[in-house]
Amino acid sequence: MLDIKYIRDNVDNLRKAITDKRVDLDLDALLDLDTQRRNLLQETESFQATKNAFSKEIPTLSEEDKAAKLLEMQEIDKHHTEALEKLRSIEAEYNNLMLLVPNIPSPETPIGKDDTDNVPWSYWSPELGHVDPTDTDKVAQIPPTFTFDIKDHAALGKDLDLIDIDRGTEVSGFRGYFLKNELVLMHQGLMFYAMEKLRSKGFTIMQTPTLVREFALTGSGHFPTGRAEIYQVGNAANLESEDKEKQFLAGTSEPALIGYYANQILEESQLPIQVSGISACYRSEVGSYGKDTKGLYRVKEFLKVEQVVICKADMVEGENWLAKLREISEEILQELKLPYRVLNICTGDMGAGKYKMYDIETWMPARQGYGETHSDSNFTDWQARRLDIRYRDSEGKIQYAYTLNNTAVASPRILIALLENYQLADGSVKVPEVLQKYVGTDVITAKAKK
RNA sequence: GGAGAGGUCGCAUAGUGGUCUAGUGCGGUAGUCUUGAAAACUACUGAGGGUAAACUCCUCCAAGGGUUCGAAUCCCUUCCUCUCCGCCA
């Protein structure tokens, strides 16, 4: 959400943002509704003022005067009710459109239509360290080479009794899966490792609710446009009744983490707030039926440790935090010794609410490509306006805060990179050093059949 | 899930149809006094909207709707909290 005054003053910039981000919004319709809304507000408020004055007067009037006045008021009341009804329907429409207004992207954000227009920003591998994207020779050396025929993670998982997709589909449904044995420990160990990392970086860790109310998802920007991606749950009564409040399974802990601060006026001294959430995440993945159907790449439920920062409304500070969050995720991948690249996400591939966004993609050998594992975003005050997260600055002025978030680690997707990059010629899989204490071994080998 | 009691300006409370422009205490801010601090005293102290601005303008007493000339107060729905009972990881 943006300030309507800001929208009025920046119509051209906004038109461009709507085009570049491919947002489906008729800005002129919104501006027209805004004009109507303000006119009606003035009208209804003056009716209200008349009525208020009359109500004050009435106890002082004689019976005859009162009767005459009441008749007069009935007429005013009729107009008032009409104007009010009109105002309500216009405000409803206005509010719906306001939720679709995108944030204006940063000047550094590439303009493009989809993920093919994202721009590589940096590369990293354990052998080469950071590599500049313009250094094409070195970039080509980033993917590790194997002296044997590699297996994909699904095959490794099956052979080492770590993953069971068949029974997962049978029990859970399409894209269901079981993790087994050492991989369960690695999966949980990753979460634990990420939480310890974030605590060391000053984050307060939270186990967040996955089941959230609508406002949290509207506030984060997942609603209204991403509704199809979210599971709605509830008992039979709640799902059937229009009146009962609905609950949803969040696709990330971000809505819960920022929802935690909704409708609050914070003190500037409390900022920046660094919080990290661990939660199960649910995504319906409708609209991706034919995509990534093999293995653990695209699943409907997973675990994630997420980083969220709420900072003061300052462009430089927002930029710095976006970089800082990116560096923390990079540090995690570096300690896991996984090759990755960072992409500067283009306008067409970023969400409507985002000001600037980096994705981190980790090398997945069997795909012969990088797969998205992290997403780092600066929303400026777009989410804070939706959720009413404000703070009192040093001059006592109340301002909307900035919000940012980035993945710390999401699993099982990251397990694809771990299993495939760490596989050995004999079909076993090494365990990354930093995870060995959780898995209890340095190598995962085939088990004797039971 | 059932029964009952509740939700008031940061906190605690008062307020059951017009005197509420929401009282009081605590907390907070500023000032007086003081070498400094504390205490005491005095003043101020919620958030939004409309307007170029002022403003004797409008809104907000959990949220939404209703009754009424007029609602914190009465009615309905939803959400939440507490107590008891039931079920349960």
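Let's start with the surface near RNA strand B, where helix α3 gives the most, with ten residues. Please keep in mind that everything I show today comes from a predicted model. In total, 19 residues surround RNA strand B. The closest of them are Ala49, Asn52, Ser55, Asp243 and Glu245. Two helices, α3 at residues 27-57 and α4 at 63-98, each supply at least two residues of that surface. And what is the surface near RNA strand B like by class? It has eight nonpolar, five polar and six charged residues.

While we're on α4, let me point out Glu91, which sits in that helix. Now look along the chain to Leu190, 99 residues apart from Glu91: their C-alpha atoms are separated by 47 Å.

Okay, on to the sheet. Nine strands form an open sheet, with mixed pairing, in the order β2-β1-β12-β13-β14-β17-β11-β10-β5. At the edges are β2 (129-131) and β5 (204-207), each pairing on one side only. On average, and ignoring direction, neighbouring strands here are turned by 25 degrees against each other.

Two helices pack on this sheet. Helix α8, residues 182-200, touches β5, β10, β11 and β17, and its direction makes about 145 degrees with that of β17. Helix α14, residues 413-421, touches β11, β13, β14 and β17, and its direction makes about 35 degrees with that of β13.

Let's zoom in on strand β14, residues 369-378. Why do we call β14 largely enclosed by the rest of the structure? Because seven of its ten residues are buried. On one hand, β14 pairs with β13 (residues 356-364) in the antiparallel sense over nine bridges. In that pairing, Tyr358 has Asp376 in β14 as its bridge partner. The two strands form a hairpin with four residues between them, and Gln368 in the turn has a positive phi of about 50 degrees.

β14 also pairs with β17, residues 402-411, antiparallel over three bridges. There, Ser377 stands opposite Asn405 in β17.

Strand β1, residues 119-125, pairs with β2 in the antiparallel sense, over three bridges. If you'd like to find that spot on your screen, look for Tyr123, whose bridge partner in β2 is Val131. Thanks, everyone!

How values were computed. Residues are numbered from 1 along each chain as its sequence is written. Chains are lettered from A and ligands numbered from 1 in the order in which they are written. This is a predicted model: local features need pLDDT of at least 70, side-chain atom pairs count only at pLDDT 80 or more; totals for chains, interfaces and linings use all residues. A residue is near a molecule or strand if its C-beta atom, placed from the backbone, lies within 6 Å of it. Ala, Val, Leu, Ile, Met, Phe, Trp, Tyr, Cys and Pro count as nonpolar, Asp, Glu, Lys and Arg as charged, and the others, Gly among them, as polar. A residue is buried if 20 or more other C-beta atoms lie within 10 Å of its own, exposed if 12 or fewer, and partly exposed in between; C-beta atoms are placed from the backbone. Two strands pair if DSSP finds at least two bridges between them. Axes are lines fitted to C-alpha atoms, for helices over the stretch in contact, and angles run from 0 to 180 degrees between N-to-C directions. Two residues are in contact if their C-beta atoms, placed from the backbone, lie within 7 Å.
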